[in-house]
Amino acid sequence: MKRRYTLAVLATLCALALNVDARAHEFSAKGVSVAHPWARATPKGAKVGAAYLEIKTDEKTADRLIGAKSSVAGKVEIHTHIHEGDVMKMRRIDGIDVKAGASHVLKPSGDHVMLMDLKQPLKEGDLLKITLIFEKAGEIDVDATVEPMGAKGPHGMSHQPGHEGMDHSKMDHGKPASEHKH
Ligand SMILES: [Cu+2]
């Protein structure tokens, strides 16, 4: 009898654990959810890093990402990449609009959360706490996984098979670019 009870409890715990695990990498509030936040590990001494994620809205919710903060960074900005001739440069933007029922992916060579004045390097395997600030949903706290330097996506996923040869992490995140106004 006792043994059977224990098994039942174990089964319930397992089910709970699985359930939690399935949702672990999605964070949401008021119709806005943030999926698979991740960042790239940074070399020792680097002052900047970048984080990426997917913003999803439900059918009734349009919102706008207007800022972010993290205790590891002195300053956090929202950036995009623009083409200037053959060169890709980062630019600070005021926010990212996400229409209702839409998905917007922040990714290398695209929009990203720029972590500036890093107080410590981002170490592969760490969880990085970032607070995203939305116009309507307010603050959403996420835990970003820190992936290896040069990773092209979360958990080894590559969203950009066509950009294999370009290492933007070195090109524009490794050293403070001239575009950055500190
Ligand atoms: Cu940037």
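1. Contacts of T57. Leaving aside its neighbours within four places in sequence, T57 is in contact (heavy atoms within 4.5 Å) with G31, V32, V98, K99, A100, G101 and A102. T57 itself is found in strand β3, residues 49-57; strands here are DSSP runs of E with at least two residues, helices are runs of H or I with at least four, and both are numbered from the N terminus. T57 counts as buried because its relative accessible area is 10%. The classes are buried under 20% relative accessible area, exposed over 50% and partly exposed in between, with a 1.4 Å probe and protein chains only.

2. Basis of the model. This is a predicted model, in which local features need pLDDT of at least 70 and side-chain atom pairs count only at pLDDT 80 or more, while totals for chains, interfaces and linings use all residues. Residues are numbered from 1 along each chain as its sequence is written, and side-chain values use heavy atoms, with hydrogens and water left out.

3. Polar contacts of T57. The side chain of T57 reaches two backbone nitrogens: that of G101 at 3.1 Å, and that of A102, which lies 3.0 Å from a polar atom of the T57 side chain. A polar contact here is a pair of N or O atoms within 3.5 Å; within protein, one must be able to donate a hydrogen and the other to accept it, and residues adjacent in sequence count only if both atoms are side-chain atoms.

4. Overall make-up. The protein has 2 helices and 11 strands. From the N terminus on, the order is α-β-β-β-β-β-β-β-β-β-β-β-α. Of the 182 residues, 41% are buried. Among contacts between residues at least 6 apart in sequence, 68% join residues at least 24 apart.

5. Copper site. Which residues coordinate the copper ion? They are H79 (ND1), M90 (SD), H112 (NE2) and M114 (SD), at 2.0 to 2.2 Å. Donors are N, O and S atoms within 2.8 Å of the metal (3.2 Å for Na, K and Ca); water is not among the atoms, so sites may look incomplete. The angles among the 4 donor atoms run from 91 to 123°, and the site is tetrahedral. That label requires four donors with all angles between 85 and 135 degrees; four count as square planar and six as octahedral if opposite donors are over 155 degrees apart and all others between 65 and 115, and anything else is irregular.

6. Copper donors in the sequence. The spacing of the donor residues is H-x10-M-x21-H-x1-M. H79 in strand β5 (residues 73-84) and M114 in strand β9 (residues 112-118) are 35 residues apart, and the pair links distant parts of the chain. H79 counts as buried because its relative accessibility is 1%, and M114 counts as buried at 0%.

7. M116. This residue is also found in strand β9. M116 is classed as buried because its relative accessibility is 0%.

8. Salt bridges. How many salt bridges does a search of the whole structure find? The search finds 9, a salt bridge being a side-chain nitrogen of Lys or Arg within 4 Å of a carboxyl oxygen of Asp or Glu. K75, E77, R92 and D94 are linked in a network. Within it, K75 and E77 meet at 3.5 Å, N to O, and the closest N and O atoms of R92 and E77 are 3.8 Å apart. The latter pair links distant parts of the chain, with R92 in strand β6 (residues 87-93), E77 in strand β5, and 15 residues separating them. E77 is buried at 10%, K75 is partly exposed at 28%, and R92 is exposed at 52%.

9. E84 and R91. These side chains form a salt bridge, with the closest N and O atoms 3.3 Å apart. E84 is partly exposed at 35%, and R91 is partly exposed at 31%.

10. D141. This residue is in strand β11, residues 138-147, and is exposed at 52% relative accessible area. Leaving aside neighbours within four places in sequence, D141 is in contact with F27, I130 and T131. A polar contact of 2.7 Å joins the side chains of D141 and T131.
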